[in-house]
Amino acid sequence: MKAFPLFSINAYRVKIKDWSEKHRDRIIDLVPEEQEKVNTLSRIYYSDYYNNKKPPYYDELMKVLEPYLEDFIKENGINHIGTLWCQKYKSGDYHGPHDHGSIGFSAVLYAKIDSDVHPSTEFFPPFPSEKGTKVGVSFQVEEGDLIIFPAHVLHMAPPHYDDKMRVIFSFNLI
């Protein structure tokens, strides 16, 4: 008997050239210090997700990302880059399982991360295995990696227990 896959879900990884050396500190320094309300599925030190205005780092970050997104946007018929937000995670912080809606793509830029102590995003399949489980998958990421995935995919930021801060920028593409 030969098995064959019925469905496939792709995620895309882009390495932002010179992120740590040229862009990281400059853009993270543009993130305001004010605390924002965070939903109950999470414990996040800082999130400006609920801020309804364009963040002060938007233009600078988009200048860096646009050359890397250009082909993806054309190939996938993207009409709009949605809200951009930043999240900073201290030791023990996490963002529980969630998705970003049923259409389009979501993206996570790992702006400040130590791959040795910070776990990457964990993704869950949209359907259970034959045994009824939904086992998450993750892969090693580095600073400057931009991961793009279908917005409907359930995912989470697992906790880390190190004194180093993890910082991500995220946005949706519709």
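Tyr89 stands opposite Arg166 in β10. The model is predicted: local features need pLDDT of at least 70, side-chain atom pairs count only at pLDDT 80 or more, and totals for chains, interfaces and linings use all residues. Residues are numbered from 1 along each chain as its sequence is written, and side-chain values use heavy atoms, without hydrogens and water.

- Strands are DSSP runs of E, at least two residues long, numbered from the N terminus.
- Two strands pair if DSSP finds at least two bridges between them.
- β10 pairs with strand β4 (residues 81–89) in the antiparallel sense, over seven bridges.
- Strand β6 (residues 105–112) also runs antiparallel to β10, joined by seven bridges.
- Leu109 has Phe169 in β10 as its bridge partner.

**Burial of β10**

- Eight of the eight residues of β10 (residues 166–173) are buried, so the strand is largely enclosed by the rest of the structure.
- Buried means under 20% relative accessible area (1.4 Å probe, protein chains only).
- Arg166, Ile168, Ser170 and Asn172 point one way, and Val167, Phe169, Phe171 and Leu173 the other way.

**The cavity**

- A cavity is a set of points on a 1 Å grid over the protein atoms alone where a 1.4 Å probe fits but cannot get out.
- The whole structure holds one cavity of 30 Å³ or more.
- The largest cavity has a volume of about 30 Å³, counted as the space filled by probe spheres set on the points.
- Its lining residues (an atom within 4 Å of a point) are Asp48, Tyr49, Asn51, Lys53, Pro55, Thr83, Leu84 and Trp85.

Conventions:
On a 1 Å grid over the protein atoms alone, a cavity is a set of points where a 1.4 Å probe fits but cannot get out, and a pocket is an open set with protein on both sides within 12 Å along at least five of seven lines; lining residues have an atom within 4 Å of a point. Buried means under 20% relative accessible area, exposed over 50%, partly exposed in between (1.4 Å probe, protein chains only). Helices (H or I, at least four residues) and strands (E, at least two) are DSSP runs, numbered from the N terminus.
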